[in-house]
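Welcome to a short tour, made to be followed with the viewer open. Keep your selection tool ready and take one stop at a time.

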Amino acid sequence: MFAVLALTVLGTLLVWSATAHRDALTGGEPTAYLKKTLVNVAVGLVLLVMVLATDHRWVRILAPLVYLASIVGLVLVLVMGSTINGSRSWLQVGGMSVQPSEFAKLAVIIGMALLVAERFEGSSKRRVGSVEVIGMLVIAGIPAALILLQPDLGTMLVLSASVFGVLAIAGAPGRWLLGLFAGGVLAATVAIQVGVLKPYQVDRFMAFTNPDLDPRGAGYNVEQARTAVGNGGWFGQGLFDGSQTRSGFVPEQHTDFVFTVAGEELGLIGAGILVILVGLVVWRALLISLNAPDVFGRVAAAGIACWFGFQAFQNIGMCMGIMPVTGVPLPFVSYGGSSMFAGMLAVGLLQNIHLRGTPALPTRFSASRVLAATR
């Protein structure tokens with residue numbers, strides 16, 4: 001909780017800094033996004049407390065409903081959603097925009113965890129077999145297909161990494177993991193070759209491999225992001241004083257590229273602290289997984305760790321130029337209500353699992369130990 005709260009405080013300041021000088025975004029009100037972010041954090045904390053206070057038996061009972069609700073949301077996006085930056089990913093609800101794919105990440109994780117728990121608890125079964133793997137892939141495949149139709153490549157990458165992590169933690173046979181990895185690489189290659197991906201998505205990938213190919217087009221974001229991070233040096237230029245940030249050179253800086261604000265204004269030291277805080281959240285999620293008293297808690301907590309870990313790596317990586325630009329938020333730091341709400345719900349579930357776990361905190365983590373405790 002300390003790490004999550006620290007990230008939200010840091011993220012609020014970074015979003016404020018990224019938007020304070022952009023009148024086109026704020027309408028001339030420098031604190032507009034500060035106020036919006038504080039509201040998002042407050043609502044997120046309420047959701048966290050609600051999940052934390054819910055009896056764990058109700059969490060499992062409601063898991064299928066959460067999954068179905070995410071499917072309905074993804075379908076509604078395709079039917080009546082809004083297109084932003086080439087992706088139909090948003091629903092307009094009253095005066096706010098909701099991104100159902102953010103909630104689908106959590107829904108898929110708890111859906112897969114519930115399937116494994118129902119198959120293992122109270123039975124003599126000790127190993128995850130092909131039947132369980134296929135069932136888990138079906139649970140993940142339906143929302144994944146809907147997300148691909150938007151298309152939202154960034155969310156699809158995060159979801160794929162989370163699903164792969166859940167399968168590994170659940171003890172899926174190595175041949176399945178190897179086959180899925182090879183199949184994913186093959187599918188990505190075919191998608192590029194036959195034109196499944198939209199031109200702007202292909203341009204972003206090509207710019208990732210060589211930003212100099214189109215420095216004023218697809219490579220512009222990467223070049224400006226790397227320049228902003230490099231400007232920070234060891235200790236940064238000072239909060240609200242970053243030259244790239246004040247000039248508005250980095251696109252989408254309050255959402256996808258918020259890490260560049262940390263790099264430029266807080267320097268290597270400040271950005272490093274942010275990375276450590278994210279790592280602390282992932283580490284604690286893994287320990288909660290090890291200490292969970294049931295299979296559902298173990299698999300769900302480990303899946304959340306995979307989700308947070310890969311999404312943070314993807315976001316920070318694209319700001320550093322080591323990952324392609326795909327448009328995913330930095331958990332608890334980037335501006336966005338849907339991302340904040342989904343993340344806080346996940347933390348509430350982690351805390352719910354933690355309160356029912358054992359007090360011992362082992363220092364070593366391995367996939368085999370997760371299922372070993374249930375045998």
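A salt bridge here is a side-chain nitrogen of Lys or Arg within 4 Å of a carboxyl oxygen of Asp or Glu. Before you click, note that this is a predicted model, where local features need pLDDT of at least 70 and side-chain atom pairs count only at pLDDT 80 or more, while totals for chains, interfaces and linings use all residues. Residues are numbered from 1 along each chain as its sequence is written, and side-chain values use heavy atoms, with hydrogens and water left out.

**Stop 1: salt bridges**

Select arginine 119 and glutamate 132: they form a salt bridge, with the closest N and O atoms 2.8 Å apart. Arginine 119 is in helix α5 and glutamate 132 is in helix α6 (residues 130-148), so the pair ties together parts 13 residues apart in sequence. Helices (H or I, at least four residues) and strands (E, at least two) are DSSP runs, numbered from the N terminus. Is glutamate 132 buried or exposed? Glutamate 132 is buried, with a relative accessible area of 1%, whereas arginine 119 is partly exposed at 39%. Buried means under 20% relative accessible area, exposed means over 50%, and partly exposed is in between (1.4 Å probe, protein chains only).

Stay in helix α5 (residues 100-120) and pick lysine 105 and glutamate 102, which lie three residues apart, about one turn of the helix. They form a salt bridge too, their closest N and O atoms being 3.1 Å apart. Lysine 105 is buried at 2% relative accessibility, and glutamate 102 is buried at 1%.

Now select aspartate 294 and arginine 356, whose side chains meet in a salt bridge (3.2 Å, N to O). This pair links distant parts of the chain: aspartate 294 is in the loop between α12 and α13, and arginine 356 is in the loop between α14 and α15 (367-372), 62 residues apart. The structure holds four salt bridges.

**Stop 2: a buried alanine**

Go to alanine 292, in the loop between α12 (258-291) and α13. Alanine 292 is buried, with a relative accessible area of 2%. Which residues does alanine 292 touch, not counting residues up to four places away in sequence? They are Gly297, Arg298 and Ile353, where a contact means heavy atoms within 4.5 Å. Try the distance tool on the C-alpha atoms of alanine 292 and isoleucine 353: they are separated by 6.2 Å, although these residues are 61 apart along the chain.

**Stop 3: aromatic rings**

Rings of Phe, Tyr and Trp (its six-membered ring) pair if their centres lie within 6.5 Å; planes under 30 degrees apart count as stacked, over 60 as edge-to-face and the rest as tilted. By this rule the count comes to four aromatic pairs. Select tyrosine 33 and tyrosine 335: their ring centres are 4.9 Å apart and their planes are at 70 degrees, so the pair is edge-to-face. Tyrosine 33 is in helix α3 (residues 32-53), and tyrosine 335 is in the loop between α13 (295-320) and α14 (337-355), 302 residues apart.

Next, pick phenylalanine 308 and phenylalanine 332, with centres 5.3 Å apart and planes at 75 degrees, so this pair is edge-to-face. Both phenylalanine 308 and phenylalanine 332 are buried.

**Last stop: the whole protein**

Zoom out: the protein has 15 helices and three strands. Buried residues make up 49% of its 375 residues.
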